[in-house]
Amino acid sequence: MHPLKKAARIAGAIYLSMVITGPFSLIYVPTKLIVRGNAAATAENILAHETMFRLAILADLFGSVIFICLAIALYRLLSGVNKIWAALMVAFALVSAAVGFLNTLNNIAALTLFRGADFLAVFDKPQRDALGMLFVRLHSQGILIDEMFWGLWLFPFGLLVFRSGFLPRFIGVWLMINCFGYVALSVTALFFPGYYEAAFKWAQPVLFGELAIMLWLLIKGAKVPVTQTGSIALSSSPASA
Amino acid sequence: MMKPDFNMSPRFQARMAGGLWWLCIVSGVVGFVAGAPLIVANNAAATAANILAKESLFRLGFAADLISGVSYMGVTIFIYCVLKPVSRSLSLLGAFFGLAGVAIGGASWVIHLAPLLLLHGDQYLTAFTTSQLQATSLAALNLQMQVFPIGMIFFGIQCISIGYLVARSTFLPRILGLLLAIGGTCYVIASFSNFLMPSFGPRLVPLIMPVALIGEGSLALWLLVKGVNVQRWKEQASLGR
């Protein structure tokens with residue numbers, strides 16, 4: 001297989017593994033276990049499905065590690081187009097992964113409080129549950145902050161795709177719009193929390209840009225330049241009219 | 001067809017670094033000026049009343065913190081590119097310290113939002129008395145402020161390495177590198193004295209911060225206004241290869 005195509009396929013495959021684990025910890029588990037505003041019910045749910053909750057923590061950590069791998073794979077694919085933008089893309093991804101990694105600590109704190117070890121006996125149960133709920137809420141706030149970076153890294157990514165010559169331009173544009181979608185969502189969540197639900201619904205079509213590039217990389221790979229000579233294609237600029 | 005210059009010239013990179021650096025400094029100062037007056041030391045009730053009365057100011061402080069962190073990621077990448085001709089590995093090392101510093105700052109963003117969750121008195125928080133919630137929220141703010149000196153150690157080391165590279169470069173004035181390295185050393189000293197001598201450290205900060213700011217500000221201003229000497233940059237770049 002042509003090295004360019006291979007690099008694209010690898011990036012696509014890593015992307016796919018993220019798309020699979022993400023919804024589990026981001027959507028499925030929270031909607032299943034967290035009862036908004038009700039600490040006692042949330043505590044009961046989480047203790048009853050502790051394994052699932054722990055799996056979600058693991059999926060969060062796994063997702064951050066995969067994100068780093070994805071950024072490096074995309075750097076290999078796209079750094080030939082422009083090194084600076086590619087470095088910026090990796091930087092945003094690295095910090096996002098670090099923020100995501102640390103954010104799981106909030107969920108672990110919640111679990112510790114809900115389980116209530118002996119040393120926590122100085123708090124009565126409703127207080128422990130309330131504190132645990134606070135950490136669950138902090139975790140979701142952390143995700144909303146991280147959403148800003150999920151957006152920001154897409155701008156250099158989209159720009160590189162647009163300019164690459166071996167990936168479709170419209171997906172590049174879509175990714176750059178996707179960037180602003182996430183950033184707008186994050187800003188809405190942090191400053192106008194009341195409008196988040198509505199904004200999320202409207203942003204959906206924009207957010208599918210990532211799905212599009214994932215599928216394209218996985219299925220089509222990259223269009224190999226006609227004037228190819230060995231490994232040069234990985235580091236040369238697009239050769240198209 | 002018109003083709004904009006996608007490959008940025010070293011002067012443009014330097015200007016971007018300088019501009020983003022100033023954005024980072026200004027938003028950092030705005031964040032401090034907006035947030036700090038709301039906190040009344042050792043008085044949780046007054047602090048809580050301030051935050052609730054001036055919630056938009058509190059959120060502005062948070063937003064400014066976020067902008068400062070994000071723009072610093074841009075600074076880190078552009079500075080890395082500008083100084084790469086001097087020493088690629090040392091420049092990369094500095095960039096890693098910078099990104100780690102931003103990620104540590106990212107940890108404090110979530111804690112920064114905790115007071116809002118605590119003080120808005122969701123139903124589940126009725127397990128605690130108002131004064132308990134206020135005390136917890138002040139504790140969260142104090143914890144958040146402890147993160148700053150931790151990140152500062154990393155920024156300090158980054159500044160020392162950037163300063164060294166600037167001094168060794170032929171395309172930027174040596175004195176700016178020296179000033180920045182002194183500033184970076186000040187950051188590291190201020191952070192450690194803050195941890196090791198909590199009664200003495202905070203008194204050192206007002207003396208040390210201006211020195212650090214002069215170092216960062218003067219290099220940032222030079223980069224923004226003058227950029228780099230492109231011809232010498234190219235010479236040094238070709239020597240290194």
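Predicted model: local features only at pLDDT ≥ 70, side-chain atom pairs only at ≥ 80, totals over all residues.
Residues are numbered from 1 along each chain as its sequence is written, chains are lettered from A and ligands numbered from 1 in the order in which they are written, and side-chain values use heavy atoms, with hydrogens and water left out.

**Chain B dimensions**

- The C-alpha trace of chain B spans about 70 × 55 × 25 Å along its principal axes.

**Interface between chains A and B**

- Contact, meaning heavy atoms within 4.5 Å, links 39 residues of chain A with 36 residues of chain B.
- The two chains bury about 3,300 Å² between them, 81% of it on carbon and sulfur atoms; buried area is the accessible area (1.4 Å probe) that two parts lose on being put together, summed over both.
- On the side of chain A that touches chain B, α4 (83-115), α5 (125-152), α6 (154-164) and α7 (169-191) of chain A each supply at least two residues.
- That side of chain A divides into 29 nonpolar, seven polar and three charged residues, where Ala, Val, Leu, Ile, Met, Phe, Trp, Tyr, Cys and Pro count as nonpolar, Asp, Glu, Lys and Arg as charged, and the others, Gly among them, as polar.
- Between chain A and chain B the count of salt bridges (a side-chain nitrogen of Lys or Arg within 4 Å of a carboxyl oxygen of Asp or Glu) is zero.

**Helix packing in chain A**

- The axes of α2 (residues 39-48) and α4 of chain A come within 10 Å and cross at roughly 95 degrees; axes are lines fitted to C-alpha atoms, for helices over the stretch in contact, and angles run from 0 to 180 degrees between N-to-C directions.
- From α2(A), the contact uses A:Ala43, A:Ile46 and A:Leu47, and from α4(A), A:Leu111, A:Phe114 and A:Arg115.
- By class, this contact has five nonpolar, no polar and one charged residues.

**Salt bridges**

- Over all chains, the count comes to four salt bridges.
- A:Glu50 and A:Arg54 form a salt bridge through their side chains (2.9 Å, N to O).
- A:Glu50 and A:Arg54 are separated by about one helical turn because they lie four residues apart in helix α3 (residues 50-78) of chain A.
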